Amino acid sequence: LSVLSIAIMLERFIFFRRMKIDFRVFSKELTENLIGGNISAAKSLCEQYPATDSHKKLNAALCHNLKRWAQGRDFSQVFYFLPFRNEPDLVDAICSMSGITGGLPLVKTEDRSMHFYSWSKGEKLIPNSYKIPEPDPEKAKLLTPDKSTLIIVPTLAMDTQGYRMGY
């Protein structure tokens with residue numbers, strides 16, 4: 001799945017060159033904002049560059065390849081995140097997998113712990129204090145990860161050691 005991250009970064013690089021934007025300056029500014037905790041500035045910077053048609057095609061290809069890859073694999077749960085800004089939208093791909101329980105995160109405000117709850121497309125989501133939609137803990141089942149759980153984590157980029165950069 002990291003191939004999509006590379007493809008999106010390449011697409012953005014091409015977009016930046018076409019628009020005569022210095023990608024290194026953008027990347028440095030984004031990194032400084034994320035590391036410095038200035039998330040609103042990082043989000044604002046990313047909002048300036050919306051998804052393109054090629055990004056949408058990459059998303060469709062990722063969903064197709066994810067479903068194809070999942071066939072014959074032995075997992076019963078997929079924990080994933082709803083798309084944010086230009087992140088890949090995997091909802092349809094995951095919800096269409098038979099025999100798989102999809103789980104979305106819910107962050108508990110008191111201790112900032114993250115737990116995953118079952119969710120299917122069409123079920124109501126409740127916005128948390130950050131306005132991020134989450135499953136209703138009163139109605140959804142708390143899921144526990146095990147060896148048969150696939151966890152898909154969004155990323156903006158990652159370094160050679162596998163550390164991710166994201167929101």
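**A charged pair and its surroundings**

Lysine 121 is exposed, its relative accessible area being 51%. Here buried means under 20% relative accessible area, exposed means over 50%, and partly exposed lies in between, with a 1.4 Å probe and protein chains only. Before going further, please note that this is a predicted model, in which local features need pLDDT of at least 70, side-chain atom pairs count only at pLDDT 80 or more, and totals for chains, interfaces and linings use all residues. Residues are numbered from 1 along each chain as its sequence is written, and side-chain values use heavy atoms, leaving out hydrogens and water.

What does lysine 121 form a salt bridge with? The partner is aspartate 92, and the closest N and O atoms are 2.3 Å apart. A salt bridge is a side-chain nitrogen of Lys or Arg within 4 Å of a carboxyl oxygen of Asp or Glu. Because lysine 121 sits in the loop between strand E3 (113–118) and strand E4 (125–127), while aspartate 92 belongs to helix H5 (residues 91–95), the pair ties together parts that are 29 residues apart in sequence. Aspartate 92 counts as partly exposed, at 47% relative accessibility. The structure holds one salt bridge.

Now for the chain as a whole. It has five helices and nine strands; these are DSSP runs numbered from the N terminus, with at least four residues for helices (H or I) and at least two for strands (E). Along the sequence the pattern reads α-α-α-α-β-α-β-β-β-β-β-β-β-β. Of the 167 residues of the chain, 33% count as buried.
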